[in-house]
Amino acid sequence: MQTNFSLTALADAHVSESEKILRACVHCGFCTATCPTYLLLGDEADSPRGRIYLIKDMLEEEKPATPQVVEHIDRCLTCLSCMTTCPSGVHYMHLVDHARAHIARTYTRPLPDRLLRGMLAKVLPFPGRLRLALRVATVSRPIRKWLANLPGGAQLAAMIELSSSFKRRRPTRRLPGATVDRPRGRVALLSGCAQQVLGQNINEAAIRLLTRHGIEVVQPIDEGCCGALVQHLGYESRALDAARHNVDVWTREIENGGLDAIVVTTSGCGTVIKDYGFLLRNDNAYAQKAARISALARDITEFLHELPLQDGVRTTGQVVAYHSACSMQHGQQVRDQPKSLLRRMGFVVREVPEGHICCGSAGTYNVLQPEIANRLRARKVTNIEKVKPQIIASGNLGCITQIGAGTRIPVVHTVELVDWAMGGPLPDVLEGCLG
Amino acid sequence: MSKIRFTEPNREILARRDSIINDLTRLVDPAGLITSTDECRAYETDALTAYRKMPLAVVLPKTTEEVSAVLKYCHDTGVKVVPRGAGTSLAGGAIPSEDAVVLGLSKMNRVLAVNYDDRFIRVEAGVTNLSVTAVVAENGFFYAPDPSSQLACTIGGNIANNSGGAHCLKYGVTTNNLLGVRMVLIDGSIIDLGGDYLDSAGLDLLGLVVGSEGQLGIVTEATLRILKSAEGARPVLFGFPSCEGAGKAVADVIAAGIIPVAIEYMDKAAIEICEAFAKAGYPLDVEALLIVEVEGSDAEMDATLADITAIARANGATTVRESRSAIETAAIWKGRKSAFGATGRVADYLCMDGTVPTGKLSYVLAEISKIVQRHGLRVANVFHAGDGNMHPLILYNANDPSQQSKAEAAGDDILRLCVEVGGCLTGEHGVGIEKRDLMRYQFDDADLVQQIRVRAAFDPRWLLNTDKVFPLDFRCQG
Ligand SMILES: Cc1cc2nc3c(=O)[nH]c(=O)nc-3n(C[C@H](O)[C@H](O)[C@H](O)COP(=O)(O)OP(=O)(O)OC[C@H]3O[C@@H](n4cnc5c(N)ncnc54)[C@H](O)[C@@H]3O)c2cc1C
Ligand code: SF4
Ligand code: SF4
């Protein structure tokens with residue numbers, strides 16, 4: 001597509017990168033068909049092609065973001081379904097990251113929105129604060145309907161509603177790593193910030209799986225949030241700080257003991273860590289180190305899939321609907337490995353119709369855009385229930401929470417099932433469900 | 001520089017913008033009325049992005065009644081209307097003008113009825129082409145016309161452009177698969193044409209509406225013929241050391257009376273582009289590739305393929321490779337259907353759409369190379385060869401104004417060539433604004449006057465898609 005940037009604008013590395021992305025878009029419209037918000041709303045401005053076009057205009061004219069543009073970019077789930085569809089290889093993720101940063105710089109959000117976003121950015125990446133917030137949410141449950149009527153209250157109410165689906169997952173503290181005798185490999189396992197609080201059982205299962213296969217697991221104590229949450233909220237420099245911090249932490253591990261992989265059990269984080277090399281490309285001190293970290297990042301299912309895998313020891317055969325998180329299938333293009341692991345363990349894996357469409361979780365989206373998120377959840381649950389599964393498996397805590405809040409069918413992480421099949425404990429949520 | 005002219009907007013309408021918008025708020029749901037500059041901008045172009053015009057406003061109705069109310073209002077107050085489906089037109093058919101309201105059908109995307117006994121499906125016009133097949137696929141049915149843009153383009157847009165696709169060689173294009181429409185005329189009246197079966201009573205107005213590029217009315221519902229999927233289907237790749245050989249092979253297959261489901265052509269440039277995207281296993285050591293698909297029982301497929309292979313070999317085919325799995329078949333078609341989009345990875349392009357008699361394919365391909373070279377540009381060819389429907393993609397740099405005008409000049413020369421050899425300006429993409437000024441090359445005045453009279457019978461004030469299809473100076477003679 002034709003672009004119209006001034007030479008001075010193009011001198012900026014971000015702008016010139018975005019210009020390249022825009023030039024690749026031929027405005028064919030293919031991506032509109034697989035965009036969840038266009039499917040629901042039918043407005044070009046809520047489609048990838050429309051957003052790309054609005055971003056192009058905003059950046060070309062070096063205009064401050066307008067409330068209309070912000071509204072349509074905010075509605076984007078960053079599910080990246082458009083990138084899977086695009087025949088022309090348009091890197092929508094990098095473009096929208098740039099747009100979000102531009103919005104953060106040039107647009108003042110209404111106060112309630114600002115407070116909410118600020119709070120999410122200050123709470124979610126910090127396990128201690130998140131634990132506290134969850135306690136507050138639990139005691140606020142009775143007033144959530146009343147809250148919903150205040151300005152910005154719908155989002156607060158959505159948050160409280162979501163927190164209730166954690167009730168069967170016990171909050172715990174961070175795990176130490178695990179050593180094995182004569183290790184065949186050594187990996188760092190990302191603790192994950194929200195996951196540490198809400199889904200420690202996931203990493204417990206991952207550690208058991210890895211050590212069972214002779215892989216030593218390290219969990220560096222000072223590792224921080226991957227930066228995904230703040231990045232999607234538009235806090236670019238905080239995201240870069242988070243990336244630099246983790247690059248340092250993992251580089252230290254590489255230098256002291258070596259790492260075969262940085263294993264991630266939350267695909268939302270995996271997508272961003274795999275992008276560190278790009279994010280820090282203009283930072284001379286970090287570019288190379290970051291690229292090395294990105295090259296080492298693996299989703300747990302990718303990593304397991306490459307190992308000579310042990311056989312399962314339990315009677316399986318349960319019907320599992322595998323829900324592929326957007327960050328898994330679109331962000332990382334990891335598609336077959338999780339299903340093939342489950343099949344290896346004897347589960348009957350069913351594909352979910354319309355599997356490429358987001359469940360509405362999308363990081364903090366289900367808090368910030370509850371209406372669209374709820375419609376997408378309902379659509380997803382209907383599609384999942386069509387294949388009549390006994391269990392739903394997914395590789396991303398956000399999806400597990402989101403879908404779990406809309407169905408009675410238990411939702412677990414893929415590695416929890418694989419671990420159970422190999423002799424690990426039964427995931428809490430499955431107790432009494434397998435009959 | 002931009003060569004296609006737009007008419008001056010009607011100042012009186014522009015001056016009334018606020019009151020028009022105010023009136024529209026009473027006619028459509030607020031979520032379906034778009035008026036801010038930023039949001040209107042998303043509608044200023046379609047897939048012919050070299051041209052853009054901001055609309056006065058955009059309405060996205062949810063029901064036929066809302067469409068009717070908007071059209072009646074526009075008719076009564078003299079406001080132009082530009083219908084829009086998914087905006088994938090390559091001819092600028094959905095590009096607005098500053099004094100026009102865009103009426104988009106994208107919120108009208110419900111499936112209304114499926115009838116397997118009588119083999120039809122009724123949908124709203126904003127339903128995408130591929131989702132029609134998706135609805136009926138689980139029962140072994142499909143909707144035949146398959147434009148490469150089928151993932152995104154709408155049934156309403158397909159009807160307006162009489163769209164076709166790879167598999168139309170055997171099954172016919174939109175007009176052969178459409179049974180009926182509900183359509184709103186510019187004065188707001190709602191009419192039903194056709195029925196639930198082919199060839200219904202009365203004057204064939206349905207045939208007239210197909211391909212009328214949104215100038216006779218706005219289609220809001222369509223009844224489509226669905227077909228039982230064949231027992232089996234198999235695409236085969238034939239690689240040729242020369243473009244002429246491939247072109248000749250197509251002509252010979254058609255001349256022998258063999259009708260495969262599809263014969264698609266790609267030249268070397270297109271093969272490289274598509275292979276890089278789809279990893280379909282296209283041969284990279286050939287100058288031209290034909291994707292031929294046959295279907296039926298194994299015995300039928302083997303027999304037809306033997307005949308086609310003999311013809312291909314006689315024309316010098318060096319590679320013959322059948323798809324071995326469903327995954328491979330999907331990749332072969334994905335590569336082909338993504339060809340235009342994938343071309344965006346290497347350059348901007350203008351996509352031509354001339355149709356020529358299949359016997360002239362080799363000659364025209366050679367001439368196209370010369371024309372494009374003469375203008376100092378490159379070309380990639382990927383098209384529906386069985387129908388002689390050519391899509392030379394003229395590659396250029398859209399940020400270089402001199403290349404833009406060279407590309408357009410080359411495009412004009414190519415389309416003239418198509419007409420000269422006995423073909424036509426447009427196989428399936430429509431005239432839109434892109435080929436409007438070449439219409440005189442194809443038709444003489446008497447032909448055009450008669451077309452314009454028909455158009456005026458439906459829309460006497462020329463409010464629907466005003467600046468499209470007919471040369472701008474021609475309208476008053478109607
Ligand atoms: C990458 C790519 C590949 C393509 N491949 C093919 C192909 O193989 N075969 C092919 O035939 N075409 C192809 N096309 C062209 C295009 O997709 C078709 O013309 C398609 O039918 C347009 O549908 P749309 O919904 O996008 O309509 P739009 O682009 O929105 O509109 C097209 C025209 O139809 C009118 N219109 C739209 N909806 C209605 C309605 N409900 N009532 C009345 N008028 C209406 C508009 O005013 C306009 O004149 C391709 C396009 C692209 C970008
Ligand atoms: S599919 Fe790709 S090239 Fe086509 S409009 Fe979308 S982003 Fe642009
Ligand atoms: S990331 Fe998802 S929601 Fe955002 S534009 Fe792409 S497909 Fe649509």
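**Exercise 1. Characterise the largest cavity: which elements line it, and what is the make-up of its lining?**

Solution. 
- Start with the volume: the largest cavity holds about 750 Å³. The model is a predicted one.
- Searching the whole structure gives 9 cavities of 30 Å³ or more.
- Find the centre. The lining has 48 residues, and B:Thr88, B:Ser89, B:Gly157, B:Asn158 and B:Asn161 lie nearest the centre of this largest cavity.
- Assign the elements. S3, helix H6 (155-161), strand S10 (218-225) and helix H13 (339-343) of chain B each give two or more residues to this lining.
- Pick the main contributor. H6(B) provides the largest share, 6 residues.
- Sort by class. The lining of the largest cavity splits into 21 nonpolar, 23 polar and 4 charged residues.

**Exercise 2. Describe the second largest cavity: which domains of chain B each supply at least three residues of its lining?**

Solution. 
- List the residues closest to its centre. There are 16 lining residues, and B:Ala47, B:Thr49, B:Ala50, B:Tyr349 and B:Tyr396 are the closest.
- Name the main element. Strand S16 (residues 348-351) of chain B gives the most to this lining, with 4 residues.
- Domain 1 (1-229) and domain 3 (347-420) of chain B each supply at least three lining residues.
- Sort by class. The lining of the second largest cavity comprises 12 nonpolar, 3 polar and 1 charged residues.

**Exercise 3. Work out the strand order of the four-stranded open sheet in chain B, and find which strands stand at its edges.**

Solution. 
- Write the order. The 4 strands run S1-S2-S4-S3 in chain B, in an open sheet with mixed pairing.
- Read off the edges. Strand S1 (33-34) and S3 of chain B each have a single partner strand, so one side of each lacks a neighbour in the sheet.
- Recall the basis of pairing. Sheet strands pair through backbone hydrogen bonds, in a parallel or antiparallel sense.
- Check the S1 end. S1(B) pairs with strand S2 (residues 57-59) of chain B in the antiparallel sense, over 2 bridges. B:Leu33 has B:Val59 as its bridge partner in S2(B).
- Check the S3 end. S3(B) and strand S4 (residues 100-104) of chain B run parallel and are joined by 5 bridges. Here B:Lys80 is bridged to B:Ala100 of S4(B).

**Exercise 4. Decide whether strand S3 of chain B is buried or exposed.**

Solution. 
- Apply the cut-off: buried means under 20% relative accessible area.
- Take one face. B:Lys80, B:Val82 and B:Arg84 lie on one side of S3(B), and all are buried.
- Take the other face. B:Val81 and B:Pro83 are buried too.
- Conclude. In strand S3 (residues 80-84) of chain B, 5 of the 5 residues are buried, so the strand is largely enclosed by the rest of the structure.

**Exercise 5. Describe the shells around ligand 2 and ligand 3: how do their residues divide by class?**

Solution. 
- Begin with ligand 2. It has 13 residues around it, and A:Cys25, A:Val26, A:Cys28, A:Cys31 and A:Cys86 come nearest.
- Classify that shell. Around ligand 2 there are 9 nonpolar, 3 polar and 1 charged residues.
- Move to ligand 3. Its surroundings include A:Cys35, A:Cys76, A:Cys79 and A:Cys82, along with A:Arg51 and A:Tyr92.
- Assign elements. Helix H4 (48-60) and helix H6 (81-85) of chain A each give at least two residues to the ligand 3 shell.
- Classify. The ligand 3 shell divides into 9 nonpolar, 2 polar and 1 charged.

Note on methods. Residues numbered from 1 in each chain as written. Chains lettered and ligands numbered in written order. Predicted model: local features only at pLDDT ≥ 70, side-chain atom pairs only at ≥ 80, totals over all residues. Heavy atoms only, no water. Near = heavy atom within 4 Å. Nonpolar A, V, L, I, M, F, W, Y, C, P; charged D, E, K, R; others polar. Buried < 20%, exposed > 50% of the residue type's maximum accessible area, 1.4 Å probe, protein only. Pairing = 2+ DSSP bridges. 1 Å grid on protein atoms, 1.4 Å probe; cavity = no way out; pocket = protein on both sides within 12 Å on 5 of 7 lines; lining within 4 Å. Points joined across faces, edges and corners; volume = space filled by probe spheres on them. Domains from an automatic or database assignment.
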